[in-house]
Amino acid sequence: MNKNMKKGSILVTVLIIIAACTTLVLFIHEKTMNAYGTVISLQNDYQGAVYAMTAVEALEMAFKYDEETYDSSSDIWAQIPPIPLDNGFMTVYIKPLNSKVPLAGLVSSDEKLKERTENAVTTLLSELELAESNIYDLKIWAGSSDPTGERFDLNSAPYSTKSSQLQTLAELAYIPSFKDEYKKLMPYVSIAGDNNKINLNMASVEVIKAFVPELEPFVEDIISTRETEPFKDISAIYQLMGSAMQDEYSKILPYIDVKSSLFYIKLELNIGDDNIYYHLLVQRKGTNVSPVKYIEGNNIEYF
């Protein structure tokens, strides 16, 4: 082998080694970056969990100083501003479950409540122009007495109905007639309520009209009155309706309230480049607050 060929062979060998080393360095760098990304993600998740539990403690403190016998959007817990963090900020949304139509009524043994809930959901579907969504499918999913008698099909794979109360609103995505439109319904329904009543200080116009249609003639008065001063007692609704509506008032009394005990807390954390969402369902008993459900999920309403 002449000198030039030898040099050429050495050069090729060196280049191969350099290429191999470069590939190895890039691989190690990629793994390091991936590991770093995992560490940051875990750190953000840990921070998020801490913030979530802190939010529960803050809510409990707010309830301790809430001596009113009613709940409304003017309460301290309902007016928490965005909270700055070291590397981002946190937004806290708190809403009583009984500010929306409780879907638990669909599986109630109380036939009047079941009928009222079915009519309310049907009304909402119509108002939202969700013609393809079928109240029958929802009733079967949540309330079928024979879970093997009704089956749905998802991507040609059959599966049985749930046949019990919804655990989260995300389950609506599994019902064929709801799967493309369920997010439009979420702002108006909840998985459960406080004894299946709605809080007239917090419920929207759409929810009041749908769940308590007897109050439709008085909805504008209800909204304007509570904006000035929240209803402190449910008897104030009777005063608003007038004595001539005694029978109607007695009819709706089991379905209306001005107090709440189940609260949905949604935390949106903007940490660095990450948006993290935590969802908590908490129950208030007196001044004590206890978590019922906890989910790290997407930017949708779970409860």
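Guide: Ala, Val, Leu, Ile, Met, Phe, Trp, Tyr, Cys and Pro count as nonpolar, Asp, Glu, Lys and Arg as charged, and the others, Gly among them, as polar. This is a predicted model, where local features need pLDDT of at least 70, side-chain atom pairs count only at pLDDT 80 or more, and totals for chains, interfaces and linings use all residues. Residues are numbered from 1 along each chain as its sequence is written, and side-chain values use heavy atoms, without hydrogens and water.

Visitor: How do the residues of the lining of the largest pocket divide?

Guide: They divide into 4 nonpolar, 1 polar and 5 charged. Among the lining residues are Lys 112, Pro 213 and Asn 119. Lys counts as charged, Pro as nonpolar, and Asn falls under the others, so Asn 119 is polar.

Visitor: What makes a set of points a pocket?

Guide: On a 1 Å grid over the protein atoms alone, a pocket is an open set with protein on both sides within 12 Å along at least five of seven lines; lining residues have an atom within 4 Å of a point.

Visitor: Why is strand 9 called mostly covered?

Guide: Buried means under 20% relative accessible area (1.4 Å probe, protein chains only). In strand 9 (residues 262-271), 10 of its 10 residues are buried, so the strand is mostly covered. A strand here is a DSSP run of E, at least two residues, numbered from the N terminus.

Visitor: How do you know that strand 9 pairs with strand 10?

Guide: Two strands pair if DSSP finds at least two bridges between them. Strand 9 and strand 10 (residues 274-285) are joined by 10 bridges, so they pair, and they run antiparallel. Ile 271 stands opposite Asp 274.

Note on methods:
Buried means under 20% relative accessible area, exposed over 50%, partly exposed in between (1.4 Å probe, protein chains only). Helices (H or I, at least four residues) and strands (E, at least two) are DSSP runs, numbered from the N terminus. On a 1 Å grid over the protein atoms alone, a cavity is a set of points where a 1.4 Å probe fits but cannot get out, and a pocket is an open set with protein on both sides within 12 Å along at least five of seven lines; lining residues have an atom within 4 Å of a point.
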